[in-house]
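Let's take a walk through this structure, one piece at a time. Have the picture in view as you read.

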Amino acid sequence: MHKAKGQEYAYVELDDTFVTYNDVEQLNRSMKSDIERLGHVNPDLVAASQQMNEEINILYVAVTRAMGGVKL
């Protein structure tokens with residue numbers, strides 16, 4: 001998707017490897033649980049959150065390249 005930045009396509013088809021809303025919610029619940037139990041977030045969850053942010057950015061690029069629509 002990085003090569004597609006700045007370009008437009010009639011349609012964009014997303015495969016099932018992109019991050020989902022449920023993935024984000026699950027990570028959010030895990031982080032909240034860590035804060036409640038430990039008083040801080042496990043460093044592995046922090047790294048997972050940073051990776052998920054990168055994936056969300058890539059998803060944004062993919063979706064915004066579609067002029068006519070997105071196929072899931």
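Predicted model: local features only at pLDDT ≥ 70, side-chain atom pairs only at ≥ 80, totals over all residues.

The buried residues of α1 are Leu27, Met31 and Asp34. They sit on the same side of the helix, because the arc they cover around the axis is only 55°. And what lies over them? Part of the cover for these buried residues comes from α2, which runs over residues 43-64.

## How long is α1, and what comes next?

Helix α1 takes in residues 21-38, which makes 18 residues. At 1.5 Å a residue it should span 26 Å, and its end C-alpha atoms are 25 Å apart, so the two figures agree.

## Met31, a buried residue of α1

Met31 has its place in helix α1 and is one of the buried residues there. Leaving out residues up to four places away in sequence, Met31 touches Val41, Leu45 and Ser49. Two of those names come back in α2, where Leu45 and Ser49 are among the buried residues.

Tyr9 is another story: it is 22 residues from Met31 along the chain, and the C-alpha atoms of the two are separated by 37 Å.

## One salt bridge

How many salt bridges does a search of the whole structure find? It finds one. The partners are Arg37 and Asp34, and their closest N and O atoms are 2.7 Å apart. As a rule, side chains of opposite charge can pair when their charged atoms come close. Both partners belong to helix α1, and because they are three residues apart, about one helical turn separates them.

Are the two partners buried or exposed? Arg37 counts as exposed, because its relative accessibility is 58%. Asp34 has a relative accessible area of 6%, so it is buried; the cut-off for buried is under 20%. Setting aside neighbours within four places in sequence, Asp34 is in contact with Gly39, His40, Val41, Asn42 and Leu45.

## Asn42, in the loop

One of those contacts of Asp34, Asn42, lies in the loop between α1 and α2. With a relative accessible area of 28%, Asn42 is partly exposed. Follow the chain 14 residues along from Asn42 to Ile56, and you find their C-alpha atoms separated by 21 Å.

## α2 and what it packs against

Helix α2 has 22 residues. From its first C-alpha to its last it reaches 32 Å, close to the 32 Å expected at 1.5 Å a residue.

Which residues of α2 are buried? They are Leu45, Ser49, Met52, Leu59, Val61 and Ala62. These buried residues pack against α1, and also against β2 and β1, the latter being residues 9-13.

## A nonpolar patch on the surface

One last stop is on the outside. Val63, Val70 and Leu72 form a nonpolar patch on the surface, and together they have about 290 Å² of accessible area. Leu72 lies in the segment after β2, which covers residues 66-71. Its relative accessibility is 81%, so Leu72 counts as exposed.

Key:
Residues numbered from 1 in each chain as written. Heavy atoms only, no water. Helix = DSSP H or I, 4+ residues; strand = E, 2+ residues; numbered from the N terminus. Expected span 1.5 Å × (residues − 1). Buried < 20%, exposed > 50% of the residue type's maximum accessible area, 1.4 Å probe, protein only. Arc of directions from axis to C-beta. Contact = heavy atoms within 4.5 Å. Patch = residues over 30% accessible without salt bridge, like charges linked within 9 Å, V, L, I, M, F, W, Y side chains within 5 Å. Areas by Shrake-Rupley, 256 points an atom, 1.4 Å probe, with all protein chains shown as cover. Salt bridge = Lys/Arg side-chain N within 4 Å of Asp/Glu carboxyl O.
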